[in-house]
Amino acid sequence: MYNGIMNIYKEAGYTSHDVVAKLRGILRQKKIGHTGTLDPAAVGVLPVCLGSGTKLCDMLTDKDKEYRTVLRLGCETDTQDMTGRVLEEREVCVTERQAEEAILSFLGEYDQVPPMYSAVKVDGKRLYELAREGREVARRPRRVRIYAIEIEEIRLPLIAMRVSCSKGTYIRTLCHDIGRKLCCGGTMEELVRTRSGSFTIGDALRLSEVERLRDAGKLEGSILPVDYVFAGLPRVTVEKQFQKLIENGNAFYRNMVREKEEGGQEGQVRVYDTDGKFYGVYGFCPAQGRFVPVKMFMESGC
């Protein structure tokens with residue numbers, strides 16, 4: 001079994017679940033999970049977790065994202081992108097300066113209402129399921145943060161821009177909200193996720209590339225180890241005679257440690273045995289003078 005994280009380039013036409021299904025066939029293993037849904041028409045970075053790395057899915061979903069998008073003014077659809085049914089079209093009478101001011105006004109935090117065509121649950125049911133039934137329900141706004149917006153090109157009614165944002169931000173809803181602010185409507189024409197956390201589009205692999213690497217016996221080099229995510233934490237190595245403790249996910253004391261990096265006596269640490277095998281993340285409890293497990297990653301062999 002493969003354990004770790006792969007940076008996959010999701011191509012147009014695939015859902016995130018499609019990518020996972022295809023990888024299960026390519027890698028011949030079931031334990032695979034993705035780290036954040038991308039719409040079928042969108043492309044770009046989709047970190048995928050393998051084996052023991054699936055315990056990282058929620059953590060990686062929480063990371064900030066970066067996108068390149070094209071906003072089309074003068075049009076609104078039921079999906080807030082160009083795959084949906086057109087609800088209204090209006091003449092675009094705004095100037096480039098007015099469009100730029102409206103876009104940049106969304107910098108910082110704002111309350112965003114999730115679109116009906118989304119995986120958000122209301123009363124136990126996905127919004128897109130309700131939308132397909134022709135129902136629209138009230139949605140609670142969610143606080144999101146737009147860290148940066150770079151306007152790359154304005155050719156009205158089209159505006160190309162790069163957006164850096166917090167988790168849970170819908171770029172198509174941002175496009176919709178910009179259009180509403182300009183009183184002409186707006187919808188998302190294109191979307192490319194260029195970054196998710198530390199994973200960038202330049203390093204992302206297409207499914208066909210994964211297959212070629214598998215056939216060439218070079219796939220391991222493209223799988224990041226689980227502890228990559230915790231590289232910023234101090235490293236602690238447990239003495240060999242106490243290895244059973246970490247194998248069973250138990251706590252251990254300071255005098256059981258062979259090596260510890262500076263800072264390893266406070267906060268969280270990543271824990272290894274003397275052979276360099278990663279076991280998990282522990283937190284130091286000063287009152288007890290010992291390290292206690294926070295999240296364990298017991299890896300299976302390939």
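Student: Is cysteine 175 buried or exposed?

Tutor: This is a predicted model. Cysteine 175 has a relative accessibility of 0%. The cut-off for burial is under 20%, so cysteine 175 counts as buried.

Student: How many disulfides does the structure hold?

Tutor: A disulfide is a covalent bond between the sulfur atoms of two cysteines. Cysteine 175 is in no disulfide, as the nearest cysteine sulfur, in cysteine 165, is 11 Å away. For cysteine 184 the closest sulfur is that of cysteine 183 at 7.7 Å, too far for a bond. The number of disulfides in the structure is zero.

Student: Is serine 164 buried or exposed?

Tutor: Serine 164 sits in strand β11, residues 158-165. Beyond its sequence neighbours up to four places away, serine 164 touches residues including Lys65, Tyr147 and Arg195. Its relative accessible area is 13%, and the limit for burial is 20%, so serine 164 is buried.

Student: Which peptide bond at proline 157 is cis?

Tutor: Proline 157 belongs to the loop between β10 (142-155) and β11. Omega is near 15° for the cis bond, which runs from leucine 156 to proline 157.

Student: Arginine 28 and glutamine 80 have positive phi; which of them counts as buried?

Tutor: Arginine 28, with phi of about 55°, lies in the loop between α1 and β2 and counts as exposed at 66% relative accessibility. Phi is near 70° in glutamine 80, which is in the loop between β5 and β6. At 9% relative accessibility, the residue that counts as buried is glutamine 80.

Notes: Residues are numbered from 1 along each chain as its sequence is written. This is a predicted model: local features need pLDDT of at least 70, side-chain atom pairs count only at pLDDT 80 or more; totals for chains, interfaces and linings use all residues. Side-chain values use heavy atoms; hydrogens and water are left out. Helices (H or I, at least four residues) and strands (E, at least two) are DSSP runs, numbered from the N terminus. Buried means under 20% relative accessible area, exposed over 50%, partly exposed in between (1.4 Å probe, protein chains only). Contact means heavy atoms within 4.5 Å. A disulfide is a pair of cysteine sulfur atoms within 2.5 Å.
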